[in-house]
Amino acid sequence: MSDLIEVRIPDLGEAEKVQLVEILVSSGDRVDADDSLITLESDKASMDVPSPVAGTVKEIRLEVGAEVAQDELILTLEVPSGQTESSAEELLELEAEDSAVPPAPGPVPSPAPEPQAPSPVRSAPTAVDLHAEVVVLGSGPGGYTAAFRAADLGKRVVLVERYPIIGGVCLNVGCIPSKALLHVAEVIEEAKDLESRGVAFGKPKINLDELRGFKDSVVGRLTKGLSALAKKRKVEVVQGSGTFSSSTTLRVESEAGSKTISFDHAIVAVGSRVIEIPGIPWDDPRVMDSTAALEIEEIPKKLLVIGGGIIGLEMATVYGGLGSRLTIVEMMDCLIPGCDRDLVKPLERRLKRRYKAEIHLGTKVVEVKPLKRGLKVRFEGGKEPAPATFDRVLVAVGRRPNGDRIGAGSAGLAVDDRGFIAVDEQQRTNIRNIFAIGDVTGHPMLAHKASYEGKVAAEVAAGLKSGFDARAIPSVAYTDPEIAWVGLTETEAALDGTAYEKGSFPWSASGRSLGMGRSDGLTKILFDPATKRILGGGVVGPSAGDLIAELTLAIEMDCEAADLGLTIHPHPTLSETVAFAAEAFEGTITDLYVPKKK
Ligand SMILES: Cc1cc2nc3c(=O)[nH]c(=O)nc-3n(C[C@H](O)[C@H](O)[C@H](O)COP(=O)(O)OP(=O)(O)OC[C@H]3O[C@@H](n4cnc5c(N)ncnc54)[C@H](O)[C@@H]3O)c2cc1C
C-alpha cells in the first residue's frame with residue numbers, strides 16, 4: 001500500500017517569487033529523505049528544496065524557468081502508507097529553519113559535470129562526533145581561504161588538516177619559505193654587483209642555522225597568524241588525515257584516534273605532492289625534493305637540478321646565490337616550458353654568466369648512483385653530457401594531485417587516473433554537495449588560483465551566486481631576473497593561430513632599470529589587432545612578479561592600449577615600462593624611436 005503526498009515550495013522569506021532553475025529528479029526516480037528535488041534562485045542566493053521523505057517521484061508539476069511562490073505544488077511523491085502529509089510539511093519547515101542561507105533562494109549558473117562515478121553514497125548510520133555545515137579537507141591557500149570565507153558567511157566550518165600546522169604547501173614548504181630564501185640570494189647578488197660600481201663588501205659569511213631560522217620565522221609568523229584567524233572566525237581545526245566514508249561523512253584519523261565528521265557540504269582542498277621519478281636513490285639524504293632543498297642543510301659545491309621548471313629554477317637561484325656551482329637538466333628543449341622564449345632568455349644568460357651554470361636541454365637523467373664521494377649521474381639525449389658526480393641532486397620534475405588518497409570512491413566522487421578532480425565553474429564535483437579547489441583540480445598549480453577557487457566554493461556552498469570567472473591567472477618565476485606572464489602568450493598564439501600585435505619596451509631604455517644596474521629586462525603586451533584590447537603580456541626583469549598585476553587587471557577590465565598608455569605612471573619606475581610598451585604599440589612613444597608602421 002502507498003500514499004501520495006504533495007511537496008510544495010517552502011517559505012521563501014522576504015522573496016515573493018523566485019525562479020526554478022533546475023529540476024534534479026524525474027518521474028519514477030526513487031529519492032531518499034533530504035535528497036535535493038529542485039533548485040530555486042533569486043538575485044541573492046540559491047537553495048535546493050529537499051525531499052521531505054523517501055519515496056518515488058510520481059508527477060512533476062513545474063517547469064524549469066517558472067517563477068514560483070510559497071506553497072506552489074512542486075511534485076507528488078508516492079510513499080509507503082503511514083507517512084502523512086503533515087510529517088512531510090513538518091520536515092520541510094524544519095529544513096527551512098535550519099538553513100543558514102538567506103531565505104531568498106537562488107541557484108547556480110552552470111550544471112555540475114556529468115557524473116563519471118557512482119551516485120552519491122549516503123552515510124550509513126555511524127556515530128558522528130562532529131557536524132559541519134561546511135567541512136574543508138586540507139588547509140593550504142585553497143582550504144583556509146574557503147574555510148574563512150564560509151565562516152564569514154555564517155557557516156559552521158570544520159577545517160581538517162593532516163599536519164599539526166595549517167597553511168599547506170604554500171606557507172610551509174612552498175611559496176613563502178622559497179621567497180624568503182630567494183630574497184637573501186638576491187641581496188647577495190646585488191651586493192656582488194656593486195663591486196663594479198665602486199662598493200665592495202667582501203665575500204659573504206653564511207650561517208646556515210641563522211638563515212634557516214630566518215626562513216622558519218617568516219613561515220612561523222604566517223602560520224601562527226592563520227591559526228589566530230581561524231580561532232577568531234570560530235573555524236574548528238581538526239588535525240588528522242581525512243578520507244570520505246560516504247558523501248556526507250568524513251573519517252579523520254590521527255595519533256589521538258579517529259573521528260567521524262558529518263557535513264552538509266565538503267570542500268576538497270588536498271593539494272598535490274612531489275612527483276618521485278623512478279631510478280633515483282630517494283633514501284640517500286643527498287637527493288632532495290623541493291621540501292628538503294628548502295631546509296638548506298648544506299651548500300653543496302656542485303648541485304644538479306633535475307627539472308628546468310619554475311620550482312627547479314627558483315631553488316637553483318637560491319643555491320647559486322649561496323655559492324653552489326649549478327648544472328640544470330631539462331627534458332624539454334627549453335627552460336620553463338610554456339613560457340615565451342624571449343622572456344626566458346635573459347634568465348638563461350644570467351644563470352650561465354653568474355653561476356657558470358651548465359644547462360642541458362632535451363636531456364634526461366638515466367641513472368643516479370650513490371658513491372661515497374658524491375652522486376654519479378648519467379645522462380641521455382641532447383648533447384649527451386658526460387657522466388658527472390655531484391654533491392647533491394635536487395629533483396624538481398613536477399607535482400601530482402592528492403585526489404587518489406581521500407577515499408573518493410566512498411563518496412562516489414570522480415577522480416581521474418592522475419588524481420585530479422573535475423569541477424564546473426562553481427567548483428562543484430560530480431557530487432552536488434562536494435566541491436574541489438586548488439592543485440587537486442588541475443593546472444596551473446598556483447596558490448592564487450587555489451585561494452580564488454576557495455572563495456568561489458565557499459560562496460556557492462553558502463548559497464551565493466558565485467563562479468570562477470577570472471579571465472586570466474598570472475604565472476611568476478621568482479628567479480633572477482623574475483619572469484611573469486598572463487593571458488595569451490606568443491607560444492600559444494603560434495600554436496592556435498590567434499591573431500595579435502605586440503608592443504614591447506626593452507628595459508635597456510628604462511632609466512630606473514639602468515639605475516639598478518640592470519639592462520636585461522623586457523615588457524611586452526599582446527593586443528587584439530581589431531579592437532586594440534589587451535590579450536596578454538609578459539615581463540622579465542626585477543619585480544616582474546609585481547608588475548604583472550597591472551597587466552592582469554588590464555585584461556580583467558578589458559583595457560585597450562590607450563588605457564595603459566594614457567594612464568600616468570610614476571617616473572622613474574619599472575611600472576612605466578608597461579605604459580611604454582602600450583605606447584610602442586600605439587606609435588605614440590617618445591622614449592624610444594619606433595619606425596612608423598606602414
Ligand atoms: C617549492 C614551491 C614553491 C612554490 N612557489 C609558489 C609561488 O611562489 N606562487 C604560487 O602561486 N605557487 C607556488 N607554489 C605552488 C603552491 O604552493 C600550490 O599551488 C598551493 O599550495 C596549492 O594550494 P592548495 O590549497 O591546493 O593545496 P596545498 O597547499 O598543497 O595544501 C593541501 C593541504 O591538504 C593537506 N592534506 C592533503 N591530504 C589530506 C588529507 N587526506 N587529510 C587532511 N589533510 C590533507 C596537506 O597536508 C596540505 O596541508 C610552490 C610550490 C612549491 C613546492
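How many bridges join β18 to strand β19, and do the two run parallel or antiparallel? Four bridges join them, and β18 and β19 (residues 358-361) run parallel. Keep in mind that this is a predicted model, where local features need pLDDT of at least 70, side-chain atom pairs count only at pLDDT 80 or more, and totals for chains, interfaces and linings use all residues. Residues are numbered from 1 along each chain as its sequence is written. Helices (H or I, at least four residues) and strands (E, at least two) are DSSP runs, numbered from the N terminus.

**Around strand β18**

- Strand β18 covers residues 325-330, and five of its six residues are buried; buried here means 20 or more other C-beta atoms within 10 Å of a residue's own, exposed means 12 or fewer, and partly exposed is in between, with C-beta atoms placed from the backbone.
- On another pairing, β18 runs parallel to strand β17 (residues 302-306), with five bridges between them; strands pair if DSSP finds at least two bridges.
- V329 of β18 is the bridge partner of I306, and V329 also stands opposite H360 in β19.

**Helices α4 and α5**

- The axes of α4 (residues 175-193) and α5 (residues 208-232) come within 9 Å and cross at roughly 140°; axes are lines fitted to C-alpha atoms, for helices over the stretch in contact, with angles from 0 to 180 degrees between N-to-C directions.
- That makes α4 and α5 oblique to each other, since angles under 35 degrees count as roughly parallel, over 145 as roughly antiparallel, 65 to 115 as roughly perpendicular and the rest as oblique.
- I176, P177, A180, L181 and V184 in α4 meet L211, F214, K215, V218, V219 and L222 in α5; contact means C-beta atoms, placed from the backbone, within 7 Å.

- The H443 to P444 peptide bond is cis, with omega near -5°, and P444 sits in the loop between β25 (434-436) and α10 (447-461).
- D480 and P481 are also joined by a cis peptide bond, with omega about 0°.
- K532 is not a glycine, yet its phi is positive, near 65°; K532 counts as partly exposed because it has 16 C-beta neighbours inside 10 Å.

Technical notes. Contact = placed C-beta atoms within 7 Å.
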